[in-house]
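Please walk me through this structure, beginning with a single residue and widening the view from there.

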Amino acid sequence: MYSIYFNIINILTQLSIDVACHKLKREKLYNLTKEYSKCFGNILKQEHFFWKGKIMKARFSAKKDISLIVLMLIWIFVMIFAVSYTLATTASAEERRLPVYCVDTDVKEIALTFNCAWGTEGLDELIALLMKEEVKCTFFFVGDFAEKYPEAVRKIYNSGHEIGNHSMRHTDPASCDFAEIVSDINACNELLFSLTGIKTALYRAPSGSYDNKTIEAVESLGMTAVQWDVDSIDWKNPSPEKIVSRVTGKAANGSIVLFHSGKENTLEALPSVIRSLKNQGYSFCSVGELLIEGDTWIDSTGRQHSVTEKRADLP
């Protein structure tokens, strides 16, 4: 009878040690805990413990076993505390990886970007407007869009604009594993290369959704993950006046502005957006031109800095 308690205590002790020593990452800790729980259950079954409804009924042979039961319960609480503490400290200590939201610069430069995932309505007018205003932008293409409108991709590229990757199927990368993210990005890269002959260097996550493995997958391909710090919210179909007010009121040095192609109100708002920002002394460039060359770091707001600048979080 005593063997059951010693076996259980041994299992709980080992798990507590593993956790306390931070030997396990959260994923491994989860899997190992499942294994220990399974082993724990098997021991209970072997010793004739059983579960009925929500009440566990155990057959104990003598009152002298009570001290061992208490000891077992203590170890259970130790395990729960150790696991909870480690998960909390690991989560707080783990550095969140960020894409580039904007760039730290003294130059009054702004990058206008367009996500291309829907239709091509107004595309010719958009290209003509940008050409007239001598503005070069960055267009992020979803693979589905590029497959459906290959001539639109070529036309944008041949007009001198930068090409970026917006995933192949607009799948949320945060819900995918590392290999799936890499595969999705590569598929879109290959498609865009077949249409333009250019290897894309920029990636923007669908719906702006990402996690650490997303950023790691992008960087493993030698690419840079890019978001935005100014959202025109044109996807909500606001009035052209609201788009102009929002963008011109929030833009600053090094800003990356988000628009979407195929939105009528965006096309109506753009002339005023461009003229207003030019009147404020801003010039326009692609994201690739805006990004800092060489070694960089990204602060907690997603602002990209040169490594020559001192990090605020370091002594």
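In which helix does Val287 lie? In this predicted model, Val287 belongs to helix 11, a run that covers residues 287–290. The residue has a relative accessible area of 0%, and because the cut-off for a buried residue is under 20%, Val287 counts as buried. Its surroundings are drawn from other parts of the chain: once neighbours within four places in sequence are set aside, Val287 is in contact with Ala111, Thr113, Thr138, Glu162, Leu202, Val226 and Ile256.

Among contacts between residues at least 6 apart in sequence, 75% join residues that are at least 24 apart. Of the 315 residues, 43% count as buried, while the accessible surface comes to about 17000 Å², with 54% of that area belonging to carbon and sulfur atoms. The secondary structure consists of eleven helices and 13 strands.

Among the helices, helix 9 (residues 240–250) and helix 10 (residues 264–279) form a packed pair, with an angle of about 35 degrees between them and their axes 8 Å apart. The crossing of helix 9 over helix 10 is right-handed. On the side of helix 9, the contact is made by Pro240, Ile243, Val244, Val247 and Thr248, and these meet Asn265, Thr266, Glu268, Ala269, Ser272, Val273, Ser276 and Leu277 of helix 10. Sorted by class, the residues of this contact comprise seven nonpolar, five polar and one charged.

What is the sense of the pairing between strand 12 and strand 13? Strand 12 and strand 13, the latter formed by residues 303–306, pair in the antiparallel sense over three bridges. At the level of individual residues, Ile298 has Gln304 of strand 13 as its bridge partner.

Terms used:
Residues are numbered from 1 along each chain as its sequence is written. This is a predicted model: local features need pLDDT of at least 70, side-chain atom pairs count only at pLDDT 80 or more; totals for chains, interfaces and linings use all residues. Side-chain values use heavy atoms; hydrogens and water are left out. Helices (H or I, at least four residues) and strands (E, at least two) are DSSP runs, numbered from the N terminus. Buried means under 20% relative accessible area, exposed over 50%, partly exposed in between (1.4 Å probe, protein chains only). Contact means heavy atoms within 4.5 Å. Accessible areas come from the Shrake-Rupley method with a 1.4 Å probe; for residues, only the protein chains shown count as cover. Two strands pair if DSSP finds at least two bridges between them. Axes are lines fitted to C-alpha atoms, for helices over the stretch in contact, and angles run from 0 to 180 degrees between N-to-C directions. A crossing is left-handed if the near helix is turned anticlockwise from the far one by less than a right angle, and right-handed if clockwise. Ala, Val, Leu, Ile, Met, Phe, Trp, Tyr, Cys and Pro count as nonpolar, Asp, Glu, Lys and Arg as charged, and the others, Gly among them, as polar.
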